[in-house]
Amino acid sequence: MFPIRVKDLVVMPKDRPILNGVNLTLDGDGISVILGPNGAGKSVLMRTLAGLNEYHGGEIDWRGEQAPEQRIAFVFQHPMMLRSSVCHNVTLGLKSLPLSKAEKQQRVSEVLEHVGLAHRTNESARLLSGGERQRLALARAWVTKPRLLMLDEPTAALDPTATEAVEKIIQEISADGTRILMTTHNMGQALRLAKEIIFVHDGQVSEQSPCTQFFEEPQSEEARLFLKGELPWRVGFNA
């Protein structure tokens, strides 16, 4: 699957350019965080990579293939839960995999233990709090052992305690061998989680660099101005 190479990607629904010549390369490990102002095209870029949006120009190369050979998963900012138990919500993700019933049960039990929901396994998923629902959504993705996991603002509506729990799970999934690509508006979260930052501005990737370098010495003027507005307490650089 890796490296994933995006070349001159264009997304123009109703002739309105949202992504306008995106160039990007993703290697096979770690966590990449997509940053950028509202409306820059962050979520559209990720949804297009996931095959949820069509594109109108350019190409996406999955190590020489037009589609990924290995499993990918996507977790939305507001994940939908089935009107069934916590366990069933996770088990459903394994329906298409060639696993025995015992293997599926073992995977589900292990992942629910990892996300701290083993004690809620037979309860309705609709009764979970916002933070618990997001942990369940991560479990539902993790149980399939995806090679690539995409997360769209996974903690946007959560309090600090729930955010910390979700971040810990994200790090565990990464350590388990899953490549993670995510968006966030939480600069502290980006600093805590990211191996690299992909900065999107006006429908293009204007910078892709290691996390520390991005926050300490941004290379593009757009990134410098963005950080100056978002992180006056954290970043010091000349105007």
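This is a predicted model: local features need pLDDT of at least 70, side-chain atom pairs count only at pLDDT 80 or more; totals for chains, interfaces and linings use all residues.

Student: Why is Arg-120 called buried, and why is Glu-123 called partly exposed?

Tutor: Arg-120 has a relative accessible area of 13%, and buried means under 20%, so the label follows. Glu-123 has 31%, which falls between the 20% and 50% cut-offs, so Glu-123 is partly exposed.

Student: How do you know that Asp-27 forms a salt bridge with Arg-179?

Tutor: Their closest N and O atoms are 3.1 Å apart, and the limit is 4 Å, so the pair counts. Asp-27 is partly exposed at 36% relative accessible area, while Arg-179 is buried at 0%.

Student: Which salt bridge does Asp-27 form with a lysine?

Tutor: The side chain of Asp-27 meets that of Lys-195, at 2.9 Å from N to O. Lys-195 lies in the loop between α6 and β8, 168 residues from Asp-27. Lys-195 has a relative accessible area of 33%, so it is partly exposed.

Student: What makes Asp-27, Asp-29, Arg-179, Lys-195 and Glu-196 one network?

Tutor: Salt bridges that share partners join these five residues. By this rule, the count of salt bridges comes to eight.

Student: Why does Thr-144 count as buried?

Tutor: Its relative accessibility is 11%, under the 20% cut-off, so Thr-144 is buried. Thr-144 is found in the loop between α4 and β6. A polar atom of the Thr-144 side chain lies 2.7 Å from the backbone oxygen of Ala-141. Beyond its neighbours within four places in sequence, Thr-144 is in contact with Arg-71, Gly-93, Leu-94, Leu-97 and Arg-107.

Student: Which residues touch the most other members of the largest nonpolar core?

Tutor: They are Leu-35, Leu-112, Leu-136, Ile-197 and Phe-215, out of 46 residues in that core. Helix α4 gives the largest share of this core, six residues. A second, separate core has 27 residues, including Leu-9 and Met-46.

Methods:
Residues are numbered from 1 along each chain as its sequence is written. Side-chain values use heavy atoms; hydrogens and water are left out. A nonpolar core is a set of buried Ala, Val, Leu, Ile, Met, Phe, Trp, Tyr and Cys residues joined through side-chain atoms within 4.5 Å. Buried means under 20% relative accessible area, exposed over 50%, partly exposed in between (1.4 Å probe, protein chains only). Helices (H or I, at least four residues) and strands (E, at least two) are DSSP runs, numbered from the N terminus. A polar contact is a pair of N or O atoms within 3.5 Å; within protein, one must be able to donate a hydrogen and the other to accept it, and residues adjacent in sequence count only if both atoms are side-chain atoms. Contact means heavy atoms within 4.5 Å.
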